[in-house]
Amino acid sequence: MERERTLRRLREICLALPETSERLSHGAPTFFVRGKRAFLMVLTNHHGDGRFAIWCAAAPGMQQLLVDADPERFFVPPYVDRGLDWDELAGIAEDAWAEIAPPKLVASASSRPRAGSEAE
């Protein structure tokens with residue numbers, strides 16, 4: 001139940017970003033920019049690891065910075081489902097989207113309010 005609620009909320013955050021779509025990729029809900037390049041994938045029990053996690057695009061070195069800063073929540077490869085902070089997760093999704101989206105699309109979206117910034 002909690003995982004379904006989390007997926008619903010992630011879907012709202014990701015689909016609020018410009019020119020974003022969702023489809024299954026490798027059996028997992030995956031979000032794409034302009035239907036071509038994935039920026040975030042939601043995984044449940046990937047290869048039997050028992051985790052509910054996201055994989056997302058990140059700038060070079062960002063993954064290691066996150067892992068070093070908070071190894072209880074961030075590790076290689078996925079982001080885990082403990083202590084979700086929706087503003088933080090929205091920021092992660094937006095950063096992943098911006099890594100994949102064309103620069104002009106990112107620039108045009110910079111004046112928009114953050115996706116998922118309202119409290120649940």
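**Figure 1. Thr30 in strand E2.** Thr30 belongs to strand E2 of this predicted model. With a relative accessible area of 1%, Thr30 is buried, because buried means under 20%. Leaving out residues up to four places away in sequence, Thr30 touches Ser21, Glu22, Arg23, Ser25, Ala38, Leu40 and Met41. A polar atom of the Thr30 side chain lies 2.9 Å from the backbone oxygen of Ala28. Cys14 is 16 residues from Thr30 in sequence, and the two C-alpha atoms are 9.6 Å apart in space.

**Figure 2. The four-stranded sheet.** Four strands form an open sheet in the order E1-E2-E3-E4, with antiparallel pairing. E1 and strand E4 (52-56) are the edge strands; each has a single partner strand, so one side of each has no neighbour in the sheet. On average, neighbouring strands of this sheet are turned by 20° against each other, direction ignored. Strands of a sheet pair through backbone hydrogen bonds, in either the parallel or the antiparallel sense. Between E1 and E2, the antiparallel pairing runs over six bridges. Strand E2 (residues 28-33) and strand E3 (residues 37-44) are joined by four bridges, also in the antiparallel sense. Phe32 stands opposite Ala38 in E3.

**Figure 3. Thr20 in strand E1.** Thr20 is part of strand E1, which covers residues 20-25. The bridge partner of Thr20 in E2 is Val33. Is Thr20 buried or exposed? Its relative accessibility is 15%, so Thr20 counts as buried, the limit for buried being under 20%. The side chains of Thr20 and Trp97 are joined by a polar contact of 3.4 Å. Neighbours within four places in sequence aside, Thr20 is in contact with Cys14, Leu15, Phe31, Phe32, Phe39 and Trp97.

Figure 4. Glu19 has a phi near 55°, a positive value in a residue other than glycine. Glu19 is found in the loop that links helix H1 (2-15) to E1. At 42% relative accessibility, Glu19 counts as partly exposed. His26 is not a glycine either, and has a positive phi of about 55°. The loop between E1 and E2 holds His26, and the hairpin of these strands has two residues between them. The relative accessible area of His26 is 78%, so His26 is exposed, a class that starts over 50%.

**Figure 5. Charged ends over aromatic rings.** Which ring lies under the charged end of Arg9? The charged end of Arg9 sits over the ring of Trp86, 4.7 Å from the ring centre. Arg23 lies over the face of Phe32, at 3.7 Å from the ring centre. How many aromatic pairs does the structure hold? The count of aromatic pairs in the structure is zero.

**Figure 6. Phe52 in strand E4.** Phe52 is located in strand E4. With a relative accessible area of 6%, Phe52 is buried. Val42 and Phe52 are 10 residues apart in sequence, and 7.6 Å separate their C-alpha atoms in space.

**Figure 7. Helix H3 across the sheet, with the chain as context.** Helix H3 (residues 86-100) lies across E1, E2, E3 and E4. The direction of H3 is at about 140° to E3. The chain comprises four helices and four strands. Along the sequence, these elements follow the pattern α-β-β-β-β-α-α-α. The chain has 120 residues, of which 38% count as buried. Among contacts in the chain with a separation of 6 or more, 45% are between residues 24 or more positions apart.

Notes
Residues numbered from 1 in each chain as written. Predicted model: local features only at pLDDT ≥ 70, side-chain atom pairs only at ≥ 80, totals over all residues. Heavy atoms only, no water. Buried < 20%, exposed > 50% of the residue type's maximum accessible area, 1.4 Å probe, protein only. Polar contact = N/O pair within 3.5 Å; in protein donor to acceptor, adjacent residues only side chain to side chain. Contact = heavy atoms within 4.5 Å. Phe/Tyr/Trp six-rings, centres within 6.5 Å; stacked < 30°, edge-to-face > 60°. Lys NZ or Arg CZ within 6 Å of the ring centre and 35° of its normal. Pairing = 2+ DSSP bridges. Axes fitted to C-alpha atoms, helices over the stretch in contact; angles between N-to-C directions.
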